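Here is a friendly walk through one protein model, written for someone who likes to know the cut-offs behind each term. Please keep the structure open beside the text.

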Amino acid sequence: SPHSSSSMSAQEPPRPPPAEPPEPDPGGRYEAVVPHWFYCKVTDTRERWVPFSAQDSERLEEAHGAGKEQEDVVVPTSGGRYDVHLKQRQRVAVYWEEEVSEVRRCTWFYKGDKDNKYIPYSESFSEELEEAYKIAVTRDEWKKKLESPSREVIILHNPKLMVHYHPVASSDDWVSTPTEQGRPRTVKRGVENIAVEIPNGEPLQIDHLVFVVHGIGPACDIRFRSIVQCVNDFRNVSLSMLQAHFRKAQEQQQIGRVEFLPVNWHSSLHSTGVDVDLERITLPSINRLRHFINDTILDVFFYNSSTYCQTIVDTVASEMNRLHRLFMQRNPLFKGGVSIAGHSLGSLILFDLLTNQKADPEEDEHSAQGSRTTSSNGGIEEVKEILKKLELSEYCDLFEKEKMDRQALLLCTEENLKEMGIPLGPRMKILHYISSKEDTQVCFLHSFTQLVSGTNPNLPLSQVSANYPQLNYKPTIFFAFGSPIGMFLTVRGVKRIDPNYSLPTCKGFFNIFHPFDPVAYRIEPMIVPDLEFEPMLLPHHKGRKRMHLELKEGLTRMSVDLKNNLLGSLRVAWQSFTRAPVLALEAGSTDAEAEAETGTEKQPDTKPEEPPAAVKEEAPLINVGRLNGGNRIDYVLQEKPIESFNEYLFALQGHLCYWESEDTVLLVLKEIYQTQGITLDQPLPGSQ
């Protein structure tokens, strides 16, 4: 019973096994058992023993064999995301909070009661079994009886048949039911004799690092799993996509893998008790949908409230910087780039952070160290102007000594001014000036005023007041999955994005969405408002276009309705995701569009593998500005045929489908490796 196995390990702390496997006797055919290392995963009080990959297990065995138990050696496993503390037999997550799991060097197993999975015996008892087995083999004496620490009996009948019997309950003992006593369990020696899938290891070399930021709510997908589990899925899909689509580069050892790390900010926000307050006021009907809405649509309100906004941006930025530092400490030879990805609200937080990064922090540092450059002088001159206006010119020298430019001034708190020794009256004047400027300065994305064309940069745009921290690195690409950025900008009063605007420190930007995702919006129509054009169709990872997309016209109309119903109050200009192609405003109307106009007679001829002509020819025609370095920004996933039947049902799933979407993962890998000059084995049809 599980009871006995746990008490067995509780009674006997695993003794360090002998360093050398026992030598086989010359007489018998005994060969030492090959150990494999496992760790114990506990989910909802159920224990499951999971094998390490072959490479990890070999590394652990090597450290163990070298007698390093005593030195408390730490062995990195699972691509460096978990450390195993050999002496304590513990597996500890490196980058995020997680329960510590028990680790075991496993040689003997018995079949569990509940789910027929094999469970390893404790290390010390496995040694006793191995010893008995060795004697039985060498002397060819079988039917050996052993008693386990919890007084259960194991009989080695012959090499193929070994059985574990439950103890016969004595009066003072824990009473087991007669049926349990009678049912013996199979015992197996060596991991090769039990049905368990040993995971493939990961390439050691990391080419690129991607931080993934979640939306609000601990649940990131329809099965209510955490960001850590979802990112694990994304990483696993990426490993199989690399094998399928980058085989050549892998064989020539040009590439290793991409590491994806989750950025978890949810816990710090929700320690404020806001969840409990929400729970109190949530109606009990349509429970699951309401909880989904509490966790997603409410993101929007959280992020728009100044109470939570500052907490959120601080947590996200400091967590991303902490993870980056930790990763660099652990991978000192890493030379690759860093990209960032955000889901839902996560993408909006990243967008706001990125629009507020200062280009080239290195240059700023040099200017501070060396002679002051004109720009910083300019900043100080500006402060002198401000002080003059406030009739406080006598404090100019003080501000100059503290190297205060306008931006620093606007970040001042009363404490700072006190420290500078400024008396109460002037302090109040300065603070009043700062608060009057806050609306326009801090609250609207600093560099974002360039982004808005045709609006007065001093217009307070209803974004929450927050100070945006700086990241320690410049991201290569920013990927947004199921992102409400377009809607937020519109609600903040941004009508249009200047085609010349690009994020100060990040040159790539992709907006990827599922056609039925109720939270996602397009970006391109804000840059090119006077032209109607489709988002790029994300190529299918098997290189074909899904057949049923012929049905698209009818579906699109429905997905637009869905959008209007859900967010009717936020009417925006580009509600349709995948509008049936409209005659292009360009002179050369493409075949596909002409077809759509003339009805469906010609459609059967379109080969499903052929990318639609529209997708092929559209890319060069449309200039979508510099936000993604001149390349297309909006990419729509191809829905699966089943999703076409009930988009309401799939709306929730649409918002949460990105983690296991091979098409999404492949686009991310393709774009990342393209920056290193490495391409797919075969270009996918319909891709840029």
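This is a predicted model: local features need pLDDT of at least 70, side-chain atom pairs count only at pLDDT 80 or more; totals for chains, interfaces and linings use all residues.

Residues are numbered from 1 along each chain as its sequence is written, and side-chain values use heavy atoms, with hydrogens and water left out.

**The whole chain**

The protein chain has 26 helices and 19 strands; these are DSSP runs numbered from the N terminus, with helices being H or I of at least four residues and strands being E of at least two. Of its 688 residues, 49% count as buried. Here buried means under 20% relative accessible area, exposed means over 50%, and partly exposed is in between, with a 1.4 Å probe and protein chains only. The chain exposes about 33200 Å², and carbon and sulfur atoms supply 53% of that area; accessible areas come from the Shrake-Rupley method. Among contacts between residues at least 6 apart in sequence, 71% join residues at least 24 apart, where contact means heavy atoms within 4.5 Å.

**Helices**

How do helix 11 and helix 12 cross? The axes of helix 11 (residues 306-330) and helix 12 (residues 345-355) come within 10 Å and cross at roughly 80 degrees. Helix 11 is therefore roughly perpendicular to helix 12, a label for angles of 65 to 115 degrees. The axes are lines fitted to C-alpha atoms, for helices over the stretch in contact, and angles run from 0 to 180 degrees between N-to-C directions. Helix 11 brings Ile-312, Val-313, Val-316, Ala-317 and Met-320 to the contact, and helix 12 brings Ile-349, Leu-350 and Leu-353.

Helix 26 (residues 662-674) has 13 residues and reaches 18 Å from its first C-alpha to its last, close to the 18 Å expected at 1.5 Å a residue; the expected span is 1.5 Å times one less than the number of residues. Helix 26 is mostly covered, with 11 of its 13 residues buried. Among the buried residues are Asp-663, Lys-670 and Glu-671.

**Loop residues**

Glu-391 sits in the loop between helix 14 and helix 15, and Glu-394 is found in the loop between helix 14 (374-389) and helix 15 (396-401). Phi of Glu-391 is near 60 degrees, a positive value in a residue other than glycine. Lys-403, in the loop between helix 15 and helix 16 (406-410), has a positive phi too, near 55 degrees.

| Residue | Relative accessibility | Class |
|---|---|---|
| Glu-391 | 63% | exposed |
| Glu-394 | 61% | exposed |
| Glu-524 | 0% | buried |
| Ala-480 | 0% | buried |

Glu-524 lies in helix 21 (residues 524-527). Not counting residues up to four places away in sequence, Glu-524 touches Phe-533, Glu-534, Pro-535, Val-624, Arg-632, Ile-633 and Asp-634.

Ala-480 belongs to strand 16 (residues 477-481). Leaving aside neighbours within four places in sequence, the contacts of Ala-480 include Gly-342, Ser-347, Phe-509 and Ile-512. His-343 is 137 residues away along the chain, yet its C-alpha atom is separated from that of Ala-480 by 6.1 Å.

Methods. Angles under 35 degrees count as roughly parallel, over 145 as roughly antiparallel, 65 to 115 as roughly perpendicular and the rest as oblique. Accessible areas come from the Shrake-Rupley method with a 1.4 Å probe; for residues, only the protein chains shown count as cover.
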